[in-house]
Protein chains: 2
Amino acid sequence: MSSPQNQFLEYLAKNKMAATEQRRIVLEVFLGTQGHHSCEELYAHVSKRDSSISPATVYRTIKLIAESGIAESLDFGDGITRFECRHDREHHDHLVCIRCNRRIEVMEDRIEELQEKLACKHEFEVHRHKMILYGICPDCRKQ
Amino acid sequence: MSSPQNQFLEYLAKNKMAATEQRRIVLEVFLGTQGHHSCEELYAHVSKRDSSISPATVYRTIKLIAESGIAESLDFGDGITRFECRHDREHHDHLVCIRCNRRIEVMEDRIEELQEKLACKHEFEVHRHKMILYGICPDCRKQ
DNA sequence: TTATCAAATGAGAACCGATGTCAAGACATG
DNA sequence: CATGTCTTGACATCGGTTCTCATTTGATAA
């Protein structure tokens, strides 16, 4: 599999979109982060690298990065869309602590299988899914 | 189990909140609906019964109804919060068609069990969860 | 009942993440 | 290079939801 940079360039070329300096910078900054980040956070990081890049461009570009398959958008239900890197990573779901907001990534193949079966039973063709378990994390339970 | 009306009144009393005419009407209207409804839709129905009730009151009241355990808030990721009746109903998850927006309710005990186990493994105390499968429904697949 | 006061309401402003608009500037192709 | 389209930055706008605050209402005590 090619590097995320090349994957993005290929996506842009395929859709006849320009490989601008701003898009390169936003992608680099995004790849340099870990975990789940909002556009606002991403914009803060991008600004450090090039303060002339506008928030709108960050919003526009991260969407492209998601469409190209490099990022995945996440919705934890607090009204903020976050993005995480998908490149060379397994699919996973999330546990979210409703006290401290900590988010843990989890994976359970048997759940994925059952989801597929469930959809099949209803003749649904699943494109993606979202599973979030909200609760209290170990640290907060001790308090 | 008491009626939802009484359950709501008990909830209000316990929290030293007034049982106003507006709250009674919003609850009645909500109980008279089926499926998943946004505050805007609910407000439209409420208005027919009493046009002097404001949107803000509907927003405020449906939140109380959810906190009292009678309603559950749903987030399908389109920026609109919807509510469905929880009173005397089993928990269920949703299949959402990304073409026609049709939403199907589904239930799979084994997934619920696995979710519980998964949380347990991470010492998480789960309060609620959200599982939505996005895809194409049977009708849209035929087209 | 009536008086009292905290709580709830209606109206409309404010909020905020996100998107739209548009003139100016940058990129790819010939 | 020159051309024409795409992209950008700046800023306005959007839409669901929440906030503010003066007015009204409900719950409690007298």
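**View 1. Classes of the residues around DNA strand D.** By class, eight nonpolar, seven polar and five charged residues make up the surface near DNA strand D in this predicted model. Nonpolar covers Ala, Val, Leu, Ile, Met, Phe, Trp, Tyr, Cys and Pro; charged covers Asp, Glu, Lys and Arg; the others, Gly among them, are polar. Residues are numbered from 1 along each chain as its sequence is written, and chains are lettered from A and ligands numbered from 1 in the order in which they are written. The model is predicted, with local features needing pLDDT of at least 70, side-chain atom pairs counting only at pLDDT 80 or more, and totals for chains, interfaces and linings using all residues; side-chain values use heavy atoms, with hydrogens and water left out.

**View 2. Surroundings of DNA strand D.** DNA strand D is surrounded by 20 residues, the closest being Thr20(A), Arg23(A), Thr57(A), Arg60(A) and Thr81(B). Of the atoms of DNA strand D that come within 4 Å of the protein, 77% belong to sugar and phosphate. A residue is near the strand if one of its heavy atoms lies within 4 Å of it.

**View 3. Phosphate oxygens of DNA strand D and the protein.** An N or O atom in the side chain of Arg23(A) is 2.8 Å from a phosphate oxygen of DNA strand D. Thr81(B) instead places a polar backbone atom 2.8 Å from a phosphate oxygen. Two or more residues near DNA strand D come from each of helix 2 (21-31) and helix 4 (55-67) of chain A and helix 4 (55-67) of chain B. Helix 4 of chain B gives the most, with four residues. Helices are DSSP runs of H or I with at least four residues, and strands are runs of E with at least two, numbered from the N terminus.

**View 4. Domain 1 and domain 2 of chain A.** Chain A is divided into domain 1 (4-85) and domain 2 (93-142), with bounds from an automatic or database domain assignment. Their centres, taken over C-alpha atoms, are 25 Å apart. The two domains of chain A bury about 600 Å² between them, 48% of it on carbon and sulfur atoms. In domain 1, His36(A), Asp75(A) and Phe76(A) lose the most area to domain 2, together 74% of what that side buries. Buried area is the accessible area (1.4 Å probe) that two parts lose on being put together, summed over both.

View 5. Asp75(A) forms a salt bridge with Lys130(A), with the closest N and O atoms 3.4 Å apart. A salt bridge is a side-chain nitrogen of Lys or Arg within 4 Å of a carboxyl oxygen of Asp or Glu.

Terms used: Polar contact = N/O pair within 3.5 Å; in protein donor to acceptor, adjacent residues only side chain to side chain.
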